[in-house]
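Look at the sequence and the structure before reading on.

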Amino acid sequence: MNYSPTVRDLMEYFERKDIIDWVVSNILCIWMLKPDSDHTIYQQALSWARLWLPMNKIYTVGELTLFFARCKAGRYDLGYKLDLTRLGNIFKKEFLAERG
C-alpha cells in the first residue's frame, strides 16, 4: 500500500493529547532530554507542540517521523540546547523545501 495517514487522519482515531505527546516525545528525543528531568523544558515542548501541530496536520506521519529522525541524526544544525523556534523554522525552510 502506498498510503500514509496524515496527522488529521490520526485525529479521527486518537485523542489530540496522544498525538501532541508523540510530537513532544520526538522533540525531547532530539536533545536527549527526559520529560521528568526538567518540568520547565517539558512544558515548553508541550506548549510548542500544541501550537505547531494544528498548523501542520496536513503532513503525513511518515513525513514528520522523517523530519524528527533527520533532526536527531544531526542533519540540521539545531545546537545543543532546546530551541523550539529554530526547530519550527528548520521544518518550514529546510525540510519542506527538500520535500517539495
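This is a predicted model: local features need pLDDT of at least 70, side-chain atom pairs count only at pLDDT 80 or more; totals for chains, interfaces and linings use all residues.

Residues are numbered from 1 along each chain as its sequence is written, and side-chain values use heavy atoms, with hydrogens and water left out. Helices are DSSP runs of H or I with at least four residues, numbered from the N terminus.

**The nonpolar core**

- In soluble globular proteins, nonpolar side chains tend to be buried together.
- A nonpolar core here is a set of buried Ala, Val, Leu, Ile, Met, Phe, Trp, Tyr and Cys residues joined through side-chain atoms within 4.5 Å.
- Buried means under 20% relative accessible area, exposed means over 50%, and partly exposed is in between (1.4 Å probe, protein chains only).
- The largest nonpolar core has 28 residues, and the members that touch the most others are Val-23, Ile-27, Trp-52, Phe-67, Phe-68 and Leu-87.
- Two or more residues of this core come from each of helix 2 (16–30), helix 3 (39–55), helix 4 (61–73) and helix 5 (84–99).
- Helix 2 gives the most to this core, with 7 residues.
- Contact means heavy atoms within 4.5 Å.
- Phe-68 is in contact with Trp-22, Val-23, Asn-26, Ile-27, Ile-30 and Trp-52, leaving aside neighbours within four places in sequence.

**How helix pairs are described**

- Two packed helices are described by the angle between their axes and the distance between the axes.
- Axes are lines fitted to C-alpha atoms, for helices over the stretch in contact, and angles run from 0 to 180 degrees between N-to-C directions.
- Angles under 35 degrees count as roughly parallel, over 145 as roughly antiparallel, 65 to 115 as roughly perpendicular and the rest as oblique.
- A crossing is right-handed if the near helix is turned clockwise from the far one by less than a right angle, and left-handed if anticlockwise.
- Ala, Val, Leu, Ile, Met, Phe, Trp, Tyr, Cys and Pro count as nonpolar, Asp, Glu, Lys and Arg as charged, and the others, Gly among them, as polar.

**Helix 2 and helix 4**

- The axes of helix 2 and helix 4 come within 8 Å and cross at roughly 20°, which means that helix 2 is roughly parallel to helix 4.
- The crossing of helix 2 and helix 4 is right-handed.
- Helix 2 makes the contact through Trp-22, Val-23, Asn-26, Ile-27, Cys-29 and Ile-30, and helix 4 through Val-61, Leu-64, Thr-65, Phe-68, Cys-71 and Lys-72.
- By class, the residues of this contact are 9 nonpolar, 2 polar and 1 charged.

**Helix 3 and helix 5**

- Helix 3 and helix 5 pack at about 30° with their axes 11 Å apart, so helix 3 is roughly parallel to helix 5.
- The crossing of helix 3 and helix 5 is right-handed.
- Gln-44, Ala-45, Trp-48 and Trp-52 of helix 3 make the contact with Leu-84, Leu-87, Gly-88 and Phe-91 of helix 5.
- The residues of this contact divide into 6 nonpolar, 2 polar and no charged.

**Helix 4 and helix 5**

- The axes of helix 4 and helix 5 come within 11 Å and cross at roughly 115°, so helix 4 is roughly perpendicular to helix 5.
- The crossing of helix 4 and helix 5 is right-handed.
- In helix 4, Glu-63, Leu-64, Leu-66, Phe-67, Arg-70 and Cys-71 meet Leu-87, Ile-90, Phe-91, Phe-95, Glu-98 and Arg-99 in helix 5.
- This contact has 8 nonpolar, no polar and 4 charged residues.
- Arg-70 of helix 4 counts as buried because its relative accessibility is 19%.
- Not counting residues up to four places away in sequence, Arg-70 touches Arg-75, Tyr-76, Phe-95 and Glu-98.

**Residues in loops**

- Met-32 lies in the loop between helix 2 and helix 3 and has a positive phi of about 55° although it is not a glycine.
- Met-32 counts as exposed, at 68% relative accessibility.
- Lys-57 is in the loop between helix 3 and helix 4 and is partly exposed, at 27%.
- The C-alpha atoms of Lys-57 and Arg-8 are separated by 5.2 Å, although these residues are 49 residues apart along the chain.
- Thr-60 is also found in the loop between helix 3 and helix 4 and counts as buried, at 17% relative accessibility.
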